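Please open the structure in a viewer and follow the stops below in order. Each stop says what to select and what is to be found there.

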Amino acid sequence: MKLAMLAPIAWRTPPNHYGPWERVTSLLTEALVKQGIDVTLFATGDSETSAKLDTVCARGYEEDSSIDPKVWECLHIANCFEKAGNFHLIHNNFDFLPLSYSGLVSTPVLTTIHGFSSKRILPVYKKYNTTSHYVSISNADRSPELTYEATVYHGIDLQNFTFCDSPDDYLLFFGRFHWDKGPGTAIEIARKAGRRLLMAGVIQDENYFESQVKPHIDGTNVKFLGSVGPRDRDNLLRKASALLHPINFEEPFGLSIVEAMACGTPTIAYRKGSMPELITDGVDGFLVANVDQGVEAVEKIQAIDRNACRHTAETRFSVETMAANYIRVYEQVLGNEK
């Protein structure tokens, strides 16, 4: 099988810091290459891969302000689709825009829908619903107006995460600093629980950060670490007593939750979106509905067996499992196309 893997170009693949779609695309690409699949990765020029790299955009537009996103997204997608005849299948991880090219080629296109930024993008998915192929990343993130080949959960490289059964006493917030992710709520839970809180991630909403987060940062009870790389991510996750994930939106998936599990760290999350699919309440974390329940969960977090968290990551969310599931989808799509 010759596969074209179309990555986003907001960040490098894999990303240096933030870039969840790029990270998943990279993990899948490398796993498929190990399985002997001939993969060409369409990504930024500074991307690193064991696949063949095809590129027209030197760097991610989120990392280089001189790059116009619309211009280079068009050139990047066109570069892939102009070479469609060289591949048996195009795996699109770039959201909805590449679908508008799909009717111009005979090569089947499989799109992983990493989430719906808005209902306003649904008309594009609906238009190509019968001629393209969709994968959801959780059952919670499926639209009733679309048909899907399968749900494939994200996987992680377990070797990059170190198990720890004797954590420190701090709580951790790890994610975008945006109302959606609930960093302000995490601060409130930690304060009411009387626990230290370390916070790491990219600032996506400056106004929210300045008003809801920054006033509470004192370097002792609440410490802000900014965006961190893979090594620091592993250290933070494995030493945390719990990951706080009090989201305010229907999150399609939560990579940080799975990464924490791999380190043995349970998550306390609001019961929204895909959280009940990822976390088994009382086994590898707690699902809560408000701040007070979050505080109660912190107080009983030692009841969670950290080995159970690692077991969940190993059995459900490994990169090998993700790759095997996608290979089955590829075969299904190609079989239906014959």
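Select helices H8 and H11 in this predicted model: their crossing is left-handed. H8 covers residues 255–262 and H11 residues 306–316, and the two pack at an angle of about 120° with their axes 7 Å apart. Display the side chains next: Val258, Met261 and Ala262 of H8 meet Cys309, Arg310, Thr312 and Ala313 of H11. Of the residues in this contact, 5 are nonpolar, 1 is polar and 1 is charged.

Proceed to the largest nonpolar core, which has 85 residues. Select Leu32, Leu172, Leu197 and Tyr330, the residues with the most contacts inside this core. Helix H12 (residues 319–337) gives the most to the core, with 9 residues. Centre the view on leucine 172: beyond its neighbours within four places in sequence, its contacts include Leu197, Leu236, Ala240 and Leu244. Another core, of 18 residues, lies apart from the largest one; among its members are Leu6, Ile9, Ile77 and Ile90.

Turn now to the backbone. Select threonine 13 and proline 14, which are joined by a cis peptide bond with omega of about -5°. Proline 14 belongs to the loop between strand S1 (2–6) and helix H1 (20–34).

Finally, select aspartate 95, in the loop between strand S4 (89–92) and helix H3 (99–102). Although aspartate 95 is not a glycine, its phi is positive, at about 80°. Is this residue buried or exposed? Aspartate 95 counts as buried, because its relative accessibility is 15%.

How values were computed
Residues numbered from 1 in each chain as written. Predicted model: local features only at pLDDT ≥ 70, side-chain atom pairs only at ≥ 80, totals over all residues. Heavy atoms only, no water. Axes fitted to C-alpha atoms, helices over the stretch in contact; angles between N-to-C directions. Helix = DSSP H or I, 4+ residues; strand = E, 2+ residues; numbered from the N terminus. Left-handed = near helix turned anticlockwise from the far one by under 90°. Contact = heavy atoms within 4.5 Å. Nonpolar A, V, L, I, M, F, W, Y, C, P; charged D, E, K, R; others polar. Core = buried A, V, L, I, M, F, W, Y, C linked by side-chain atoms within 4.5 Å. Buried < 20%, exposed > 50% of the residue type's maximum accessible area, 1.4 Å probe, protein only.
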